[in-house]
Amino acid sequence: MPATVIVGAQWGDEGKGKIVDLLAQHSDVVCRYQGGPNAGHTIVRDGETFKLHHVPSGVLYEGKVCVVGPGCVVDPELLVRELDELEARGISTADLRVSGNAHVIMPWHVAIDSASERRLGQLQIGTTRRGIGPAYADKSARIGIRVQDMLDPKILRQKFETALAEKNEILVRVYRAAPLAVEDLAERVETLAARLRPYVADTSLLVDHALNEGRRVLLEGAQGTLLDLDHGTYPFVTSSNPTAGAAATGTGIGPTRIDTVVGVAKAYVTRVGEGPFPTEIQGADHARVRELGAEYGTTTGRERRCGWLDLVALRFAVRVNGLTSLAMTKLDVLSAFPELPVCVRYRLPDGNETSEFPAHQSDFHHARPVYESLPGWEESLDDLGDLGDLPAAARRYVAFVEDALGVEVCMVGTGPDRERILTSRGLAAVAGSA
Ligand code: IMP
């Protein structure tokens with residue numbers, strides 16, 4: 001049974017958590033393949049809200065194996081807090097497995113992330129300050145500490161002390177920040193390591209076995225396509241690869257094991273952090289979209305910047321991820337607007353127009369959106385049964401996107417609750433199981 005990838009098709013926060021949560025019902029294993037606690041999934045179940053950062057959304061279903069893959073970075077303090085909170089609310093975490101090859105975010109990564117942003121001043125990236133960039137940098141420099149190092153207290157202490165001695169030099173000399181205290185931190189990390197030990201596993205093998213046994217595997221990306229380190233709007237990106245190609249390496253399986261890639265996109269666009277954003281809404285509609293869509297970051301609480309739907313950027317997401325279908329979330333937020341601008345092309349500084357995402361960052365920075373205006377529906381999307389029940393103008397909006405991208409919209413979200421999703425052919429089919 002081949003695996004299915006769920007990937008953010010915009011700048012993150014597309015509502016992947018809800019889609020993964022829904023498809024997890026028809027899956028046996030859910031594996032996160034990159035990112036760390038910079039991600040935040042909000043899932044509303046029976047009116048109860050769960051905010052997850054590390055743990056895949058599938059944890060809310062009993063008996064689903066949830067995996068934090070080798071492509072992820074793990075903050076032990078935050079992961080343990082998340083596990084404790086889930087357990088306290090009656091959700092078992094017994095079926096969670098964390099790859100021994102995932103890298104650990106240490107306190108110095110968090111301190112350096114903040115210090116580096118402060119130092120960049122106006123040029124800052126607007127990171128989540130969770131230590132993501134510094135942890136991935138150490139991984140690439142081959143000086144990182146991995147989850148498997150936490151299995152052996154002696155190795156852990158040695159690696160911890162060596163790394164901290166160097167990082168304290170950097171904190172003090174480069175950033176003029178306070179050094180971190182070795183002894184207190186080492187003890188804390190040792191306590192956390194002991195707590196996480198039972199969850200550590202060879203997750204590549206686990207997923208391989210699951211696929212061989214015909215079990216259904218969902219591979220869940222965090223962030224989104226335009227935050228991808230290689231393909232996103234560099235340098236305003238995260239330090240890993242959310243795009244679907246990384247699902248194989250970030251899980252530890254071959255790309256031939258994947259046959260379905262579902263992109264998730266809002267019916268409009270949001271972005272947090274700095275960086276260019278051609279369709280960012282100007283004027284009163286901006287606050288309206290933000291309020292109606294409750295556009296505040298799950299991880300940082302920051303206000304999200306809001307924009308009209310950008311089909312140039314989405315076409316790029318279809319290309320670099322090889323999307324086989326698209327889940328469109330939060331269509332209900334647009335019910336308030338009589339007209340809906342949709343960006344179909346960019347106008348470049350030389351006066352030319354393009355429907356392809358610019359390869360050169362200067363072109364993207366100066367791109368101006370060319371809109372087509374579609375009629376709004378201005379009616380509630382409550383109590384609809386399936387996609388065919390959408391008001392005519394909403395159906396037209398969805399069809400316009402499908403035509404422009406050449407990809408089917410397989411799901412449409414019409415509200416925060418997990419029931420508020422319309423599908424074209426049933427969730428099991430979308431999850432790749434039918
Ligand atoms: P970092 O991943 O914390 O290093 O942040 C780098 C960029 O990615 C910043 O613009 C963040 O706002 C953005 N970012 C990271 N994680 C998320 C996410 O889950 N949703 C939306 N933006 C994110």
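Predicted model: local features only at pLDDT ≥ 70, side-chain atom pairs only at ≥ 80, totals over all residues.
## Domains

The protein is divided into two parts, of which domain 1 is made of two segments, 3-90 and 202-433, while domain 2 spans 103-198. The C-alpha centres of domain 1 and domain 2 lie 29 Å apart, and the contact between the domains takes 29 residues from domain 1 and 21 residues from domain 2.

## Ligand site

In the side chain of Asp13, an N or O atom is 2.9 Å from a nitrogen atom of the ligand, and a polar side-chain atom of Asn38 lies 2.9 Å from an oxygen atom of the ligand. Gly126 takes part through its backbone, where a polar atom is 3.2 Å from an oxygen atom of the ligand. Of the 470 Å² of accessible area that the ligand has on its own, the protein covers 97%.

## The ten-stranded sheet

Ten strands form an open sheet with mixed pairing, and their order across the sheet is S9-S7-S5-S2-S10-S1-S11-S15-S19-S20. Its edge strands are S9 (200-201) and S20 (421-423), each of which pairs on one side only.

At the S9 end of this order, strand S7 (residues 96-99) pairs with S9 in the parallel sense over two bridges. Within this pairing, Val98 stands opposite Val200 in S9. In general, strands of a sheet pair through backbone hydrogen bonds, in either a parallel or an antiparallel sense.

## Backbone features in loops

Tyr234 and Pro235 are joined by a cis peptide bond, with omega at about 10°, and Pro235 lies in the loop between strand S10 (217-220) and helix H8 (245-249).

The other feature concerns Arg176, which has a positive phi of about 55° although this residue is not a glycine. Arg176 lies in the loop that runs between helix H5 (153-174) and helix H6 (182-196).

Note on methods. Residues numbered from 1 in each chain as written. Heavy atoms only, no water. Pairing = 2+ DSSP bridges. Helix = DSSP H or I, 4+ residues; strand = E, 2+ residues; numbered from the N terminus. Polar contact = N/O pair within 3.5 Å; in protein donor to acceptor, adjacent residues only side chain to side chain. Areas by Shrake-Rupley, 256 points an atom, 1.4 Å probe, with all protein chains shown as cover. Domains from an automatic or database assignment. Contact = heavy atoms within 4.5 Å.
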